[in-house]
Every structure is written in C-alpha cells, then in structure tokens.
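Hello,

Here is the structure for you to look through. My notes follow below it.

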Amino acid sequence: MALVDSLTSALESMPGGGIILTSMDALADWSRGQSLWAMPMGTACCAMELIAASFSKFDFDRLGTFPRPDPRHVDVMIVAGTITKKMQPAVRRLYDQMAEPKYVIAMGNCAVSGGIFYYDTYSVVRGVDQFMPVDVYIAGCPPRPESLEDGVLQLRAQIRTRSMAEGRSYDRDLALPGLETDRAGTTDAVRPVGDTPLAPRSGAGEKL
Amino acid sequence: MTRVEGESGLEYLRRKLCSVYPDLCPLFSIEYADGVLLVPREALHGAAVNLKALGFERFGFVTAVDRGEYFELVCRLQSAEFGAGLFLKAEIPRDDAVSDSFTDLWPAADWHEREVYDLFGIEFTGHPDMRRILLPDDWVGHPLRKDYHDDSVIPRPDYI
C-alpha cells in the first residue's frame, strides 16, 4: 500500500503540524487510481446494470467513476455485454483511441468468455481478451452494480502497484480499505489488521 | 360482403377468401387462432397480390425455417379490416432456394428479405438490393442453415 493510503497512521507529529514522507512516484500512482473515468461500452443487457450503477441508487460518482462517451476522455473501458465479430473492430478501435494509461474491465460472462454464447455460435467473440488486454474480469449474468463497484476498487488496487515509469513495478502492499483480506496477496505492513473498523463490503468502504 | 354479427375475424376472412378467390380456399387453414395460407412456391407472389387486394395492407415480417429437406418461407400479413393476422407460407426447395420478392407490394419487406438471404441463403428475385445485411460482406455461407459449418463454431458438448 502506498503511504498516502494511510495518511493518519503515517503522519508524524511535529510541532506546528504534521508531516508525511513519500515518493513522488508513489503519490502519482496513488492519485491516478482515484478518479477513473469510464467508457461505457454497453452492448447488451449488462449495460442496464452499468447504467444503474451510474445513477443515484448506486452512485458510482462517489468513487470518482462516471461515464464519458468519448474515448479521449476516459481511463477505463467497461465492456458490458456480448461482443460480436462484427462489433469487435469498433471496440478495438475505441480502445486504441483511448489515451495511456488505459485499462479494461470485462463486465459479465459474455465479455469474459462469451458466456452462454460460447457454444454453437458463429457470431460471438469468446471474451474481449481475444483482442485487447483486460485488467479486471467480473463474472455474472449480469453482475450486480455492487460487483462492478468491487471491480473498480480492484482495478484501483492494481493501479497503485504499477509505476508511471514504464517497465517498473513496485512490490507495494495491497489492501483495499474496508476489506478483511488482502486482494493481491501481500500483507498490510503499514496498518495493523484491525486498526480501523471494517466498512461494509458494498464498495461504500472506500476511504482515502 | 360484410362481417356477420358474432363472427370472428378469421371466420370472416375464410368466408371472404373463399368467395373472392376460390382457388386459395382449400389452402387456407386456421392454426392456433391464426390464419395460415400454405401455397406452392410458384403461386406465392400471386397469392400475396390477392391478399393485399383482399385487405392485408400491413406487412409484418418475412422469415424462414430450415425444415431439413426444404425451407419454409413464412410471411406475416395483418389486416385491420379482418382484425386478424395471416401467415403466408411456401416451401422452398433446398437446392433451388429462390423466391419472388414482396418488395413491389410492401416496401417494408426490403430489409427482411435481405436478412433471410443473409442467414438462410434464399434469394428473392425482383428485390432492388439483394445483398447481406447483418453479416460482413465477405462472409462465407449462411449460418442459420442446419448444415452450416464454420471452423470457429465450438459444438456444445452433451453434458451441458
């Protein structure tokens, strides 16, 4: 975990205020994940859940994620729905138009593997990872908006471990705030387990 | 001829069809509360002309079914006068999958016939623009035919 993730415990008491020491790189990596604007690539029924996630009941905006219908504006493409062979070049083209760094979330079984269209079909691509890299897979037919929010949180956790400097990666500790277990396998060295009360799992637990 | 009190739309249709076009009368039947008119392929377009004159002003759709030895062309027509719909059907032989186009009677048939051509390979003579509509232009074969084969298709295993 980047130091900035646990500001309160990292603050050192000094006369007249507090001080936190971190690297510019860590700060940049951390901040990159805080506001992932999304490209809503909704091609089928999963798009209904994607749309629901954006509106007031689930309020994706509180995670800094909201839809922008322009590939130049966005950080992450959320592929929500079946991708047919005819649609594939268009999706790939939109992905190519996104500015780096860019990420892809495959939402739902169709985007993950073709889903129910895996067998006996002539027209469906068996997963978007056939033609572009995918960072997070979300299973479900369709997944609930909570699953999508969880996927975004997992993507944030991934982004924090990647450095802006190309080809370098840090062995940072990964722990999502409010989750009992660490997602990426390493332990939370900065903050002792049980230090902060566990927030509900539904994605509402994301804190600075 | 007018509709008799208490007569259903389909019964009225049968009565009027039999009086105006006696040739079509034996081909007409009522199945599942819908009219069905199964005609020989050669008589398909002529029957469509007659049905339009009879009052079937609205074209629903045209599609096809692969029955194995032949294709069944299914054309759905609707009429406000009868308050009923009708399926106009014809059997199209597999080795000579050609039919007359309905576009001269109902322009709405244009894209429907292109779709049937795309997925079943039935060609419509008289159609203004007979080419694929859904699949890419360089696609080989017609996927909704039962004997369609494509290397990218993974057959469903028995245990699913």
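Thr63(B) counts as partly exposed because it has 17 C-beta neighbours inside 10 Å. The cut-offs: 20 or more other C-beta atoms within 10 Å of a residue's own make it buried, 12 or fewer make it exposed, and anything in between is partly exposed, with C-beta atoms placed from the backbone. Thr63(B) sits in strand 3 of chain B, residues 58-66. Strands (E, at least two residues) and helices (H or I, at least four) are DSSP runs, numbered from the N terminus. Leaving out residues up to four places away in sequence, Thr63(B) touches Val74(B) and Val116(B). Contact means C-beta atoms, placed from the backbone, within 7 Å.

A note on the source: this is a predicted model, where local features need pLDDT of at least 70 and side-chain atom pairs count only at pLDDT 80 or more, while totals for chains, interfaces and linings use all residues. Residues are numbered from 1 along each chain as its sequence is written, and chains are lettered from A and ligands numbered from 1 in the order in which they are written.

Now the cores. A nonpolar core is a set of buried Ala, Val, Leu, Ile, Met, Phe, Trp, Tyr and Cys residues joined through C-beta atoms within 7 Å. The largest has 35 residues, and Val76(A) and Ile78(A) are among those with the most contacts inside it. Helix 6 of chain A gives the largest share of this core, six residues. Apart from it lies another core of 29 residues, including Leu51(B) and Phe56(B).

Finally, the chains meet: six residues of chain A contact nine of chain B.

Best wishes

Terms used:
Contact = placed C-beta atoms within 7 Å.
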